[in-house]
Amino acid sequence: MIAKNQTTSAALTLLGACVLTFASAVAAHDSDDRGDSADLVGTWQFQITLRNCQSGAPIGAPFQSLLTFADGGTMTETTANSMFYPAERGPGHGVWSSARRKGEYTAASMAFITMNGALVKTQKITQTIDMGPGHDKLTTPKATVEFFDPAGNLLQTACAVAVGERFEQ
C-alpha cells in the first residue's frame, strides 16, 4: 500500500512537472510569435498636432489623447480636442498590428461624433507608430484623419503627427 502511494505521488509529481514545462514552452512560443508587440501593449498619453496634408501647416493647438493597446491587437482611445465643440466625440475603438520593421506598428480606429444625441459624423484614424527612443516613448510620424457623414460619405481629410509617452505609476 505504501509503495502504491509512493508510485502515485511520483507519477503526479512527474505529471505536474510535464504540465509546467509544456505551459512554459507554449508561453515562450506565444511570446516569439508576437515579436516585439509587447512593447506597445499598455496605455499611452499622446500629444497630437493636426496638420494640413498638403502644406504640413498646423491646424489648431496640439491636444491630448489616451490610447490603450491590448495584447491581441485591439485598442481604445479617448481625446480632449476642443475643436469638436459643440458636438461630442465618443471613445474610439480599433485594431493595431506589428509592421514589417521592428518597433513599427500600424493602427486604425473609429469614433462617433454626436450632437444632442444624434450621430453627425464618424471619424476614422489610420496611423503608423514608431517606438523610441527607449520603450517608454513613441512617435506617430503620419496619421490620416477622415470624417464621414452618417451615410458614409467622406466629408474631410486631415493629417496629424504625435508624440507619446507610456502611462505608468
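Let me start with one cysteine: Cys-53 counts as partly exposed because its relative accessibility is 33%. On that scale, buried is under 20% relative accessible area, exposed is over 50%, and partly exposed is in between, using a 1.4 Å probe and protein chains only. Cys-159, at 13%, therefore counts as buried.

Before going on, a word on the model. It is a predicted one, where local features need pLDDT of at least 70 and side-chain atom pairs count only at pLDDT 80 or more, while totals for chains, interfaces and linings use all residues. Residues are numbered from 1 along each chain as its sequence is written, and side-chain values use heavy atoms, with hydrogens and water left out.

Back to the cysteines. The structure holds 1 disulfide, the term being used for a pair of cysteine sulfur atoms within 2.5 Å. It joins Cys-53 to Cys-159, with 2.1 Å from S to S. The link of Cys-53 and Cys-159 is right-handed, with 110° about the S-S bond. Cys-53 sits in the loop between β1 and β2 (58-69) and Cys-159 in strand β9, so the pair ties together parts that are 106 residues apart in sequence.

Now the overall layout. The protein chain has 1 helix and 9 strands. Along the sequence the pattern reads α-β-β-β-β-β-β-β-β-β. Of the 169 residues, 30% count as buried.

Which strands pair with β9? Strand β1 (residues 42-51) pairs with β9 (residues 154-166) in the antiparallel sense, over 8 bridges. To count as paired, two strands need at least two bridges found by DSSP. Within that pairing, Leu-50 has Ala-160 of β9 as its bridge partner. Strand β8 (residues 137-148) also runs antiparallel to β9, joined by 10 bridges. There, Thr-140 stands opposite Ala-162 in β9. β8 and β9 form a hairpin with 5 residues between them, and Gly-152 in the turn has a positive phi of about 95°.

Next, the largest pocket. Its volume is about 500 Å³. The search runs on a 1 Å grid over the protein atoms alone; a pocket is an open set of points where a 1.4 Å probe fits, with protein on both sides within 12 Å along at least five of seven lines, and lining residues have an atom within 4 Å of a point. Of the 30 lining residues, the closest to the centre are Leu-50, Phe-84, Gln-123, Val-145 and Phe-147. The elements giving two or more residues to the lining are β1, β2, β3 (74-80), β6 (104-115), β7 (118-131), β8 and β9. β7 supplies the largest share, 5 residues. By class, the lining has 19 nonpolar, 8 polar and 3 charged residues.

Thr-122 lies in strand β7 and counts as buried because its relative accessibility is 11%. Leaving aside neighbours within four places in sequence, Thr-122 is in contact with Ala-111, Phe-112, Glu-146, Phe-147 and Phe-148, where contact means heavy atoms within 4.5 Å. His-93 is found in strand β5 (residues 92-98). The C-alpha atoms of His-93 and Glu-77 are separated by 6.5 Å, and the two residues are 16 residues apart along the chain.

Methods. Helix = DSSP H or I, 4+ residues; strand = E, 2+ residues; numbered from the N terminus. Points joined across faces, edges and corners; volume = space filled by probe spheres on them. Nonpolar A, V, L, I, M, F, W, Y, C, P; charged D, E, K, R; others polar.
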